[in-house]
Amino acid sequence: MRNQLLVLGLLLLNVPWYCGALFAEDAGQLDRLISSAGHAAVRTAQYYDATVDHPSPTKRELVVTSDATATLLHDASSCYVAARTFATGALVWRRNVCGGATTAGSRSSTGGVAVLPTESAMISLDPNVLRAWSPTTGDLLWETSVVELFKNTNDDSSSSRTFSLVEREGVVSLVQKGSATVVVVAASFDAATGTETTQAIDPKSMTQTSTDSVSCAKSNQRFTLSIQKNENNTTLVATVGDDTHQQPVQINPISTPKGTTLLGLHLLSCTQNSAMTVLVATSRGTTTVLRIAKDTSDAVSFRATVVWSAEEGLASLSSGLLVDASHGFQEGSDGTPETVLSVAWRWRLHWESLRRSVADVASAALLGFTNDDDEDAVGEFGFSKRAAFVSDTAHRLYGISIRTGHIEYQHDLPASSNTATINWHRLVHGSPNALHTARGIHGKAHTKEVLVVTSSLTTTMEVEREIISWLCVEAASGSLVGQGTLDISSAVAQIVPLPGSSGCRQGALLVLQDLSTVMVPPPPIGSNDSAALSYVEASNAVTNGFFAHRLDKENAAMESLRLLPQKDAVVAQVSGMARFPGETIVSVAYPNREEVIQSPCNVLGDQSLLLKYLNPHIVVIMTMSSSRNGDSDGKDPFADALKSPVTAEGAATTTKQKRKPAGAGGVTPETTQPLVDEEPNLFVNVIDSVSGRVLYRASHANAVAEPVAPSLLVSENWIVYSYLNARTRRAEVGVLSLYEGMIDNKGLTAFTTPEQSAQFSSLDARESKPVVLSKTYSLAKPVSALGVTSTRGGISAKMLILSGIDGQVFTVDRKMLEPRRPLGQVKDSEKMEGLRQYSELIPMISYLSLSYTQTVEGVKHIVSAPTDLESQSLVMAFGGPDIFFARTSPSRGFDLLPDSFNRVMLSIVVVVLLLGA
């Protein structure tokens with residue numbers, strides 16, 4: 001009897017037959033685009049009736065929008081034009097209208113883009129090509145080169161000139177404006193065919209279209225909706241009347257959110273009764289289509305109805321993370337971890353899961369459907385997540401459900417105004433240690449609370465002040481925990497996540513440029529209980545101290561800082577420095593604090609051990625040569641010494657060595673070949689952030705930062721980076737693997753133990769130096785973002801996640817990038833490890849694509865999160881107009897029940913055991 005009850009209890013607790021079990025055939029059901037925006041905040045909009053070009057029984061109306069204007073502005077557009085349905089706002093198509101030198105989703109680096117809507121096409125202009133796009137399908141109608149027109153705009157005399165698009169009677173003209181009084185028509189083209197024509201508009205007849213107001217005139221009555229700009233905000237004002245007299249009227253209900261600036265109004269339609277449909281664009285990216293008509297209950301007022309609304313701010317997400325949202329528990333009055341992690345609380349969760357499963361089974365048997373929208377149904381496996389995103393351009397914090405794609409909450413962050421300039425927003429989560437914080441409470445920091453820190457420069461009475469604003473939010477539900485502002489003495493150098501105070505359990509220690517520190521949220525007034533001070537004092541008592549660092553990206557320098565307690569505050573002291581003259585920092589990467597490392601070594605095929613170099617304090621800084629300014633005459637002496645031939649006496653000569661013709665004899669004894677043929681311009685620097693010591697430095701030549709910026713990733717003892725090679729014209733992936741050393745197959749037995757130190761110190765130069773293995777590979781397509789899968793225990797193989805500029809997100813087995821892949825024939829011991837012979841080109845295997853047939857444009861960031869199932873990893877790709885989510889199995893579903901599992905028999909066995917008890 002006891003054994004039967006034990007078996008029954010194990011089944012109830014561990015076998016997921018009652019709680020929405022996951023089977024192998026379920027894999028792939030959650031791989032989708034959870035959100036698709038058109039572009040950034042709308043600045044151009046036009047209504048089109050697509051039924052004219054594509055006859056159909058139902059009327060097909062579209063609204064084509066863009067975040068560009070008719071004037072070519074440098075770096076002012078995301079390069080996208082999108083079309084939405086007029087009735088619902090659903091996205092129909094989206095096109096990247098920038099030139100070929102600009103990647104999808106990135107701002108144009110060749111001079112911006114201009115967009116002009118016409119009756120038959122959407123015209124786009126960049127410094128390379130003039131194009132026409134079909135407004136109904138998004139197809140390219142024609143294109144023509146305009147490179148010659150822009151050649152003369154690179155000199156100093158024309159640096160202030162701008163180009164604009166103007167359309168009159170089917171002719172599109174490029175108008176060049178040098179000043180307020182000088183306007184020249186540079187060229188004119190036929191809007192239907194794109195052929196150049198001599199017909200041009202009169203520059204004096206040009207009028208600038210304003211988006212500050214829209215009017216609808218019918219039956220000798222004009223209804224006008226305009227934007228009224230105040231000192232700190234903008235509001236909508238409506239008037240009605242004839243051409244000589246306008247009377248203000250009230251619109252019910254209509255309001256503008258506080259802190260939101262209205263960018264423009266775009267008239268979409270106008271009816272006979274002076275009603276209008278207008279698109280309202282805001283600076284935070286919220287696009288709303290309003291239908292305004294006379295109120296039937298009140299003859300003197302108008303009523304506004306929201307037709308649809310879209311959040312274009314999701315197209316410019318700068319940072320994000322995934323938090324667990326499976327259990328919306330209610331904590332006790334004390335809010336201690338024991339309250340929420342007690343046995344009674346866990347049994348209540350099991351009971352709720354059993355009750356839900358019985359209800360689902362009954363629904364499936366009687367009604368033929370189940371509740372698939374319940375996020376808690378899969379919460380026991382850790383699949384229910386909430387994505388928290390921050391947008392630097394929209395100045396908002398978004399919370400999105402990865403199951404439904406709906407925006408569950410959003411919080412406005414401080415935005416730029418007449419008196420304040422926003423420097424940045426940062427999303428802070430976790431703690432400075434390496435504890436795993438996937439679920440529950442670890443490291444004294446609540447995993448569901450996130451902190452958003454904003455830096456701004458405020459000008460008051462011609463006096464500039466550095467202001468820090470903070471917002472603490474429970475990321476699963478979106479509830480506001482606290483917020484506030486404080487003044488700081490100088491700019492922020494680094495943000496160190498710490499346990500918080502003042503009600504918010506997520507805090508941050510801000511290290512300032514003047515080496516002082518500030519705790520956010522600050523401790524209560526009159527309280528000396530500082531979480532930062534306690535943490536630093538504890539670190540100095542048991543270890544060598546608590547360290548931070550600060551970066552100077554322009555001068556390519558890093559300073560190591562030691563944090564010391566001083567009275568009731570924490571101060572920083574410089575302890576080390578690393579500088580790279582003549583270079584500029586382009587990317588920085590750190591080890592993931594929440595990454596789980598299953599084994600500290602690699603077992604080789606001959607049973608030897610490679611000890612991983614697992615230094616949590618390393619920081620990888622990628623730099624590029626800003627210019628050849630190593631000395632006063634603009635040359636880099638180190639690179640020139642490598643490139644110069646060497647004489648017999650060992651001195652380098654600056655004369656260029658002449659190449660010998662084919663078939664000539666050997667090199668004369670007086671000179672030898674230069675050490676390198678090309679000057680490197682891309683450098684990967686591995687630095688210990690505690691000592692400031694450069695551990696390793698790799699260099700590459702012919703690297704370019706456009707159209708795709710270099711990417712960088714640190715995972716375990718691996719450093720992976722990608723860049724574009726201008727000479728080979730393809731993407732290259734560099735891999736560095738760091739090791740402490742090696743133990744041979746007879747060095748660790750029952751009778752022998754290798755001499756290994758149990759302690760590690762970054763301050764010891766002999767112990768902190770790693771052994772680095774490197775290899776460089778090539779890809780057929782440029783990479784815009786790098787990521788890596790993460791699992792609960794780190795047992796599953798880690799897969800590298802890459803996003804290409806073609807809109808595909810795919811995975812690569814990390815063994816394909818192993819630096820130890822042999823150049824010659826593979827040995828038997830190497831075959832046992834799964835190593836293959838080195839091949840420069842990494843194949844893109846179709847079944848390893850996460851996005852499948854989906855196109856994910858403009859990806860700049862890839863994050864992953866573990867689940868309660870070791871075989872499953874959740875992946876999120878974002879940064880462009882699309883937000884992509886996928887569930888992947890790096891080592892297949894080894895802990896999932898197969899589709900052939902006999903669930904009916906298991907249920908019968910459980911029932912028999914229950915009756916026999």
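What share of the 917 residues in the chain is buried? In this predicted model, which numbers residues from 1 along each chain as its sequence is written, local features need pLDDT of at least 70, side-chain atom pairs count only at pLDDT 80 or more, and totals for chains, interfaces and linings use all residues. Side-chain values use heavy atoms, with hydrogens and water left out. The answer is 47%, where buried means under 20% relative accessible area, exposed over 50% and partly exposed in between (1.4 Å probe, protein chains only).

The chain has eight helices and 56 strands; these are DSSP runs numbered from the N terminus (helices H or I, at least four residues; strands E, at least two). Of the contacts (heavy atoms within 4.5 Å) with a separation of 6 or more, 57% come from residues 24 or more positions apart.

Now for helix α5, residues 531-542. Its twelve residues reach 17 Å from first C-alpha to last, close to the 16 Å expected at 1.5 Å a residue (that is, 1.5 Å times one less than the number of residues). Ala532, Leu533, Val536 and Ser539 are buried in α5. Looking down the axis, the buried residues fall within an arc of 135 degrees, so they line one face of the helix; the arc uses directions from the helix axis to the C-beta atoms. Ala541 and Val542 sit exposed on the face turned away from that buried side. The buried residues of α5 pack against several strands, including β32 (492-499) and β37 (569-579).

Over in strand β15 (residues 234-241) there is Thr239, buried at a relative accessible area of 17%. Leaving aside neighbours within four places in sequence, the contacts of Thr239 include Arg222, Phe223 and Pro248.
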